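Here are some notes from going through the model. Have a look at the structure first, then read the points with it open beside you.

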Amino acid sequence: VGALLQPEGPLDMGNSGTSTRLLMGLVATHAIETRFFGDASLSKRPMGRVIEPLSQMGAAFEASEGGRLPLTVRGANPAVPIEYRLPVASAQVKSAVLLAGLNTPGITTVIEPVPTRDHSERMLRGFGAELEVEEIAGERVIRIRGEADLKPQVIEVPGDPSSAAFFMVAALIVPGSELLIRNVGLNPTRAGLVHVLRQMGGDIAEVNPREVGGEPVADLLVKHSALKGITVDPAVVPSMVDEFPVLFVAAALAEGTTVTKGLEELRVKESDRITVMAEALTVAGARVTETEDGLIIEGSGGEPLRGSANSRVKTHLDHRIAMSMAIAGLASRDGVMVDDTRPIATSFPAFESLLDGLAA
């Protein structure tokens, strides 16, 4: 902590919003200047939500219009500890402030009105940071003591539940399927999709539950199920915000109507995931109504979707849209043609080969 050196050149963040926001937090309290840039999709994403608290700590920013990349961070040293209440539920913003607090004298405090994924808190404690979490009046209050003396660790990273999500839904909607997905991280702040799919009637069993690196992990045994439409509780949104595109696919094959609300955050992901998924599913033959903050989906009752053999689904360079619609294609008569699968390599390079193996 405190030993970062001036980068030799600008840092290429590719397509990763998480990398960008966390690294902005890390460098913001070191006396160095760092320039960040990314691909066309990442350059559309707003960074103001991170710039705001880090500026309060003393960092200076030169950003492109709308607080977007490319941008330059001039770190503050010594930085000023702050108490920051998150205006939107965002684990990325929380983590950026906590990482900035590592090299800030005194106590940095983050207040979460709505709990978000807590990987950073678990990880920082594991490295020996003085970090406390308490509930006050229904809010999570997280405090970290700066100028921390961290100890090296061996990290075992469990399988990503956001990646497992695609194969969970595939097994549920393709008749005759039975699939064992090994080593899935089931941190309760991340496992919202498993809970929602079970509410819809999904047969998902946890096999060999264990703890890895302070995180709960299990193998998931998933079997084809007759899903039913539900109204999804907006309270689960932070625990499955990245999994909604593939949940929409499951809803399109369920019996009855699925209603989702409180998804405004999906409009500022790699694409506007509400509009893009509404358009993509409609092209594939699903019945979808877009609302201001979600989708209403009339399920097919388990009947295959029509598919889109003659028209390509537009992914808008969004890896999760491409993967979700590939899964929809498994449960369609004519298949689904996706306009560009290259963005999938952003988060899941082995996706297509795994999917081919399962389909075979």
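**Notes on the model**

1. Let's start with Val141, which counts as buried because its relative accessibility is 6% (buried means under 20% relative accessible area, exposed over 50%, partly exposed in between, with a 1.4 Å probe and protein chains only). Val141 sits in strand 8, residues 139–145. Helices (H or I, at least four residues) and strands (E, at least two) are DSSP runs, numbered from the N terminus.

2. Before going on, some ground rules. This is a predicted model, where local features need pLDDT of at least 70 and side-chain atom pairs count only at pLDDT 80 or more, while totals for chains, interfaces and linings use all residues. Residues are numbered from 1 along each chain as its sequence is written, and side-chain values use heavy atoms, with hydrogens and water left out.

3. What does Val141 touch, leaving out residues up to four places away in sequence? The list is Thr109, Val110, Ile111, Glu132, Val133, Glu134 and Ile136, with contact meaning heavy atoms within 4.5 Å. Val268, 127 residues from Val141 along the chain, has its C-alpha 26 Å from that of Val141.

4. Strand 8 as a whole is largely enclosed by the rest of the structure, because 5 of its 7 residues are buried. Strand 6 (residues 107–112) runs antiparallel to strand 8, joined to it by 6 bridges; two strands pair if DSSP finds at least two bridges between them. In that region Thr108 stands opposite Ile144 of strand 8.

5. Strand 7 (residues 131–136) also pairs with strand 8, antiparallel and over 6 bridges. Glu134 has Val141 as its bridge partner in strand 8. The two strands make a hairpin with 2 residues between them, and Ala137 in the turn has a positive phi of about 50°.

6. There's also an open sheet of 4 strands, with order 1-2-4-3 and mixed pairing. Strand 1 (11–12) and strand 3 (60–64) are at the edges with a single partner strand each, so one side of each has no neighbour in the sheet. Strand 2 (residues 33–37) and strand 4 (residues 68–74) pair antiparallel over 4 bridges, and Phe36 stands opposite Leu71 in strand 4. Helix 1 (residues 17–27) packs on this sheet, touching strand 2, strand 3 and strand 4, and its direction makes about 175° with that of strand 2. Axes here are lines fitted to C-alpha atoms, for helices over the stretch in contact, and angles run from 0 to 180 degrees between N-to-C directions.

7. Most residues other than glycine have a negative phi, and most peptide bonds are trans. Leu69 and Pro70 are joined by a cis peptide bond, omega about -5°, with Pro70 in strand 4. Asn77 and Pro78 are joined by another cis bond, omega about 5°. Asn183, in strand 9, has a positive phi of about 60° and is partly exposed at 29% relative accessible area. Asn208, in strand 10 (residues 203–212), has a positive phi of about 55° and is partly exposed at 44%.

8. Which element gives the most to the lining of the second largest pocket? Strand 9 does, with 6 residues. Helix 5 (161–173) and helix 10 (351–359) are also among the elements that each supply at least two residues.
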